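Subject: Structure handover and notes

Dear colleague,

I am passing on the structure that we spoke about, and I would be grateful if you could look through it alongside the notes in this message.

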Amino acid sequence: MPPIPKSSISSKLKSLGKEANKTQTLPHVMIKAFAGSGKTSTLVEALRLLVEGQTSFAPSPQQEDIWEELLKSQDEAKTFCMTSFGKEIVKTLEERIAKH
């Protein structure tokens, strides 16, 4: 398969971005961090905070910032989407979210 020219990818992303900006009202959060830094705990506890109104630990300043952004959508959000590139973390997320 021939490579897709970067210009077509770039223009597609720009058009998607423009379209998303027309309809997007709720915050989107992306967490990039090293392995073992607490990404899964941060997201599981954020979901728990949104659903139950409480968490099981006091957040770090970084976690607090993430939770604050997510709480902006508390009254309007109908879904919570998490993505991962590894099968193991998907299983871990499923198990930990099922507990709550």
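Predicted model: local features only at pLDDT ≥ 70, side-chain atom pairs only at ≥ 80, totals over all residues.

Residues are numbered from 1 along each chain as its sequence is written, and side-chain values use heavy atoms, with hydrogens and water left out.

Helix packing

Two packed helices are described by the angle between their axes and the distance between the axes. Helix 2 (39-52) and helix 3 (residues 61-71) have axes that come within 10 Å and cross at roughly 40 degrees; helices here are DSSP runs of H or I with at least four residues, numbered from the N terminus, and axes are lines fitted to C-alpha atoms over the stretch in contact, with angles running from 0 to 180 degrees between N-to-C directions. Helix 2 and helix 3 are therefore oblique to each other, the term left for angles that are not under 35 degrees (roughly parallel), over 145 (roughly antiparallel) or 65 to 115 (roughly perpendicular). On the helix 2 side, Thr42, Glu45, Ala46, Leu49 and Leu50 meet Gln63, Ile66, Trp67, Leu70 and Leu71 of helix 3, and the residues of this contact divide into seven nonpolar, two polar and one charged.

Thr42, which sits in helix 2, counts as buried because its relative accessibility is 5%, where buried means under 20% relative accessible area, exposed over 50% and partly exposed in between, with a 1.4 Å probe and protein chains only. A polar atom of the Thr42 side chain lies 2.7 Å from the backbone oxygen of Gly38. Apart from its neighbours within four places in sequence, Thr42 is in contact (heavy atoms within 4.5 Å) with Ile31, Gln63, Ile66 and Trp67.

Ser37 lies in the loop between helix 1 (6-23) and helix 2, and at 46% relative accessibility Ser37 counts as partly exposed. A polar atom of its side chain is 2.6 Å from the backbone oxygen of Phe34.

Ile97

Ile97 belongs to helix 4 (residues 87-98) and is partly exposed, with a relative accessible area of 30%. Not counting residues up to four places away in sequence, Ile97 touches Val44, Leu47 and Met82. Ile97 and Leu43 are 54 residues apart in sequence, with 9.4 Å between their C-alpha atoms.

Best regards

Conventions. Helix = DSSP H or I, 4+ residues; strand = E, 2+ residues; numbered from the N terminus. Polar contact = N/O pair within 3.5 Å; in protein donor to acceptor, adjacent residues only side chain to side chain. Nonpolar A, V, L, I, M, F, W, Y, C, P; charged D, E, K, R; others polar.
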